[in-house]
Amino acid sequence: MTTEPATEPERLPFFVYGTLRPGEANHAWALRGRTAAEEPAHIGGALLYDGPGYPYATAGPAGTVVHGDLVLPRDTDYDEVCATLDRLEDYAPGDPANLYERVRTDAVCADGRTVRAWVYLAADRLAARLRATGTPIEGGDWPASRAAAG
């Protein structure tokens, strides 16, 4: 996975893999009615870990995949959606206390297109802890892992 930290505002779609996916708890209030497009996608070179009611994604070895959705906010709602997601993910540009970092990555859509997108990955300290003691989600698909466990 090639990622770049957020350095300037770009109006990229967001790759979401947890509670922001369509049908999940935070999608309803944060994204519903404010997107121009939503479609299944995945990112490569990433791992998904179980969290307290939501997953964490980290950079991972080649060949690993995290499944999710690519969501593109409507132009008129983009800035508000971006600010809402940054607050939800406890992200502030350059803050060393961030829980997540918003970085650019390549998402692959079901039809094979590659789209540059924002994704929230666990910040370095949290990612190190997850790699040491976290529970990986087999297959990299959070809703599927919960359905299989339920």
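A residue counts as buried under 20% relative accessible area, as exposed over 50%, and as partly exposed in between. The model is predicted. A search of the whole structure finds 11 salt bridges, and the structure also holds six aromatic pairs.

**The E10–R104 bridge**
- E10 and R104 form a salt bridge, with their closest N and O atoms 2.4 Å apart.
- This pair links distant parts of the chain, 94 residues apart.
- E10 sits in the loop between β1 (4-5) and β2 (14-16), while R104 belongs to strand β7 (residues 100-109).
- E10 has a relative accessible area of 31%, so E10 is partly exposed.
- R104 has 5% relative accessibility, so R104 counts as buried.

- D141 bridges to R21, the closest N and O atoms being 3.2 Å apart.
- The two are 120 residues apart: D141 is in the loop between α3 (124-133) and α4 (142-149), and R21 is in the loop between β2 and α1 (25-30).
- R21 counts as buried, because its relative accessibility is 11%.

**R102 and its partners**
- R102 forms a salt bridge with D86, with the closest N and O atoms 2.9 Å apart.
- R102 lies in strand β7 and D86 in helix α2 (residues 78-88), so the bridge ties together parts 16 residues apart in sequence.
- Both R102 and D86 are buried.
- Salt bridges with shared partners also join R21, D69 and D141 into one network.
- R102 also lies over the face of W118, at 4.5 Å from the ring centre.

**Other ring contacts**
- The charged end of R146 sits over the ring of W142, 3.9 Å from its centre.
- F14, Y78, Y91 and Y120 make up one aromatic cluster.

Note on methods
Residues numbered from 1 in each chain as written. Predicted model: local features only at pLDDT ≥ 70, side-chain atom pairs only at ≥ 80, totals over all residues. Heavy atoms only, no water. Phe/Tyr/Trp six-rings, centres within 6.5 Å; stacked < 30°, edge-to-face > 60°. Lys NZ or Arg CZ within 6 Å of the ring centre and 35° of its normal. Salt bridge = Lys/Arg side-chain N within 4 Å of Asp/Glu carboxyl O. Helix = DSSP H or I, 4+ residues; strand = E, 2+ residues; numbered from the N terminus. Buried < 20%, exposed > 50% of the residue type's maximum accessible area, 1.4 Å probe, protein only.
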